[in-house]
Amino acid sequence: MTTATTRHSERRISPVFVGIVAVTAVTGWATWTGFAEQPGVAVFLFVTAAWIVSLCLHEYAHARTALHSGDISIGAKGYLTLNPLKYTHALLSIVLPVIFVIMGGIGLPGGAVFIERNRIRGRWRHSLISAAGPLTNVLFAVVCTAPFWLGALDGVPNDFRFALAFLALLQVTAALLNFLPVPGLDGYGVIEPWLSYNIRRQVEPFAPFGLLFVFALLWLPAVNGVFFDVIDTILKSLGISDFETYCGQYLYNYVFSGLRDVGPNIGCTP
């Protein structure tokens, strides 16, 4: 009986996650209805809360797949509760990704779950565990873009439409970055089980610096331009224009930005 109770508590959804979902719902409603006095604040809270929800679901997907693949230690670590504070360090998992969203509109891969890989047998299972997280971002992107490519935007307020477009951009960037075959990112985790032992041993020391290397490259104007051209192409194929994502980012950064006179000139008025 004690074991059953413990297992149930390990899988109980965290009140922290429920609270974040509630913030997403309330601020989404405020953005939709125009209830907020300052729509920029509502958009900021809506997108930030929804982004944190997606980070939690990303890590939960890793953990749940690992559990079903043989790592029964996952539950005791709190990964199945969807509590964002359980996914490594709060600064690296939550605060830093949000800062990157504010600074550049990039969906930074967030926290991580520590999986006991020695408990898991089969290369396909290891690959699937790594792929589960970014596939969650892909699914989240499909949900965010569905109203656009289904042509279901009649009557949808502009502020909400722009916020949804910006959230879709974050999910697409997160999925694309995560799938890069760079040590330390999920894309490398997908192919790692299929590499020889010697290659894995040579690459392993670089894993902690993989993400830093990627973002150092993104600071280069040429690389950054190509990266966002790819993102824009993907979003346009899903019915979202660069105007909509720009307006979404403008509204998101409105509280902090010195560009308050720019938005109204191009039709993005908070």
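Me: Helices here are DSSP runs (H or I) of at least four residues, numbered from the N terminus. In which helix is valine 214 found?
Reply: This is a predicted model. The chain has 12 helices and zero strands. Residues 210-218 form one of these helices, and valine 214 is found there. The helix is α9.

Me: Is valine 214 buried or exposed?
Reply: A residue counts as buried under 20% relative accessible area. Valine 214 has a relative accessible area of 6%. That value is under the cut-off, so valine 214 is buried.

Me: Which residues does valine 214 contact, leaving aside its neighbours within four places in sequence?
Reply: Contact means heavy atoms within 4.5 Å. Take leucine 177, which is 37 residues away along the chain. Its C-alpha atom is 8.4 Å from that of valine 214. Beyond its sequence neighbours, valine 214 is in contact with Leu177, Leu180, Val182 and Leu185.

Me: At roughly what angle do the axes of helix α2 and helix α3 cross?
Reply: Two packed helices are described by the angle between their axes and the distance between the axes. Helix α2 covers residues 15-33, and helix α3 covers residues 39-69. Their axes come within 8 Å. They cross at roughly 145 degrees.

Me: What handedness does the crossing of α2 and α3 have?
Reply: Residues from both helices meet here. Phe17, Ile20 and Val21 are among those in α2, and Ala42, Val43 and Leu45 are among those in α3. The way α2 passes α3 is left-handed.

Me: How far apart are the closest N and O atoms of glutamate 116 and lysine 77?
Reply: Side chains of opposite charge can pair when their charged atoms come close. A salt bridge needs a side-chain nitrogen of Lys or Arg within 4 Å of a carboxyl oxygen of Asp or Glu. Glutamate 116 and lysine 77 form such a bridge, and their closest N and O atoms are apart by 3.6 Å.

Me: Where in the chain do glutamate 116 and lysine 77 lie?
Reply: The pair links distant parts of the chain, 39 residues apart. Glutamate 116 is in the loop between α4 and α5. Lysine 77 is in the loop between α3 and α4.

Me: Which residue forms a salt bridge with arginine 161?
Reply: The closest N and O atoms of this pair are 2.4 Å apart. Arginine 161 lies in helix α6 and its partner in helix α11, so the pair ties together parts that are 83 residues apart in sequence. Arginine 161 counts as buried at 18% relative accessibility. Its partner is glutamate 244.

Me: Which residues do salt bridges with shared partners join into one network?
Reply: Glutamate 116 bridges lysine 77. Arginine 119 also forms a salt bridge with glutamate 116, with the closest N and O atoms 2.6 Å apart. The one network joins Asp71, Lys77, Glu116 and Arg119.

Me: What is the area of the nonpolar surface patch that includes Leu135?
Reply: Leucine 135 is found in helix α5. A patch residue needs over 30% relative accessible area. Leucine 135 is at 43%, so it passes that cut-off. Val138, Leu139 and Trp149 are among the other members of the patch, whose area is about 740 Å².

Me: What share of the chain's residues is buried?
Reply: The chain has 270 residues. Its accessible surface comes to about 13800 Å². Buried residues make up 46%.

Notes
Residues are numbered from 1 along each chain as its sequence is written. This is a predicted model: local features need pLDDT of at least 70, side-chain atom pairs count only at pLDDT 80 or more; totals for chains, interfaces and linings use all residues. Side-chain values use heavy atoms; hydrogens and water are left out. Patches are made of residues with over 30% relative accessible area and no salt bridge: like charges are joined within 9 Å, nonpolar side chains (Val, Leu, Ile, Met, Phe, Trp, Tyr) within 5 Å. Accessible areas come from the Shrake-Rupley method with a 1.4 Å probe; for residues, only the protein chains shown count as cover. Helices (H or I, at least four residues) and strands (E, at least two) are DSSP runs, numbered from the N terminus. Buried means under 20% relative accessible area, exposed over 50%, partly exposed in between (1.4 Å probe, protein chains only). Axes are lines fitted to C-alpha atoms, for helices over the stretch in contact, and angles run from 0 to 180 degrees between N-to-C directions. A crossing is left-handed if the near helix is turned anticlockwise from the far one by less than a right angle, and right-handed if clockwise.
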